Amino acid sequence: MDCPFCGKKMKEGIIPNGVKWVEDGIEDWESVRLCSGWSMRMPKSFFCPDCRQIILPVPEKAEGVLDMVERKLSAAGDKIEAAQEQWETRRTQAKDEKRKKNFGKKDPWEL
């Protein structure tokens, strides 16, 4: 990548401790997350040794730990609901089969 300030070639690297960017005078919770995922993978950054400037592309959506846990819990909840619906369907079918099976064994006057 070429430096937008001087036009020279920039060096590619990462900022290992750069977790988020916070604007001066703004509260910490209004920050922009720079790392992504549980493993805190850092996006590539570019450094110009002549200008002493760093360019750090911000990922589209950096997923934090809470976002990941919420997504996994939601997926697990969906699986539980699907399994419960299947169980209820099988239970209803089993009851119907049992009712049909026992239908001929009863006295007609008891129906």
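This is a predicted model: local features need pLDDT of at least 70, side-chain atom pairs count only at pLDDT 80 or more; totals for chains, interfaces and linings use all residues.
**Exercise 1. Work out which strands pair with strand 4, and in which sense.**

Begin with strand 1 (residues 11-13), which pairs with strand 4 (residues 45-48) in the antiparallel sense over 3 bridges; two strands are said to pair if DSSP finds at least two bridges between them. Within this pairing, Gly 13 stands opposite Ser 45 of strand 4.

Turn next to strand 5 (residues 53-55), which runs antiparallel to strand 4 and is joined to it by 3 bridges. Here Phe 46 has Ile 55 in strand 5 as its bridge partner. The hairpin of strand 4 and strand 5 has 4 residues between the strands, and in this hairpin Arg 52 takes a positive phi near 60°.

**Exercise 2. Locate the salt bridges and state which parts of the chain each one links.**

The structure holds 2 salt bridges, a salt bridge being a side-chain nitrogen of Lys or Arg within 4 Å of a carboxyl oxygen of Asp or Glu.

One of them joins the side chains of Asp 50 and Lys 8, at 3.1 Å from N to O. Because Asp 50 lies in the loop between strand 4 and strand 5 while Lys 8 lies in the segment before strand 1, the pair ties together parts that are 42 residues apart in sequence. Asp 50 is partly exposed at 48% relative accessible area, and Lys 8 is likewise partly exposed, at 45% (buried means under 20%, exposed over 50%, partly exposed in between, with a 1.4 Å probe and protein chains only).

The salt bridge between Asp 96 and Arg 99 has its closest N and O atoms 3.1 Å apart. These two residues are 3 apart in helix 1, and are therefore separated by about one helical turn. Asp 96 is partly exposed at 32%, whereas Arg 99, at 54%, counts as exposed.

**Exercise 3. Identify the residues of the nonpolar surface patch, and describe the exposure of one of them.**

Val 65, Val 69 and Leu 73 form the nonpolar patch, with about 250 Å² of accessible area together; areas come from the Shrake-Rupley method with a 1.4 Å probe, only the protein chains shown counting as cover for residues. Patches are made of residues with over 30% relative accessible area and no salt bridge, like charges being joined within 9 Å and nonpolar side chains (Val, Leu, Ile, Met, Phe, Trp, Tyr) within 5 Å. Val 65 has its place in helix 1 and is partly exposed, with a relative accessible area of 36%.

Terms used. Residues are numbered from 1 along each chain as its sequence is written. Side-chain values use heavy atoms; hydrogens and water are left out.
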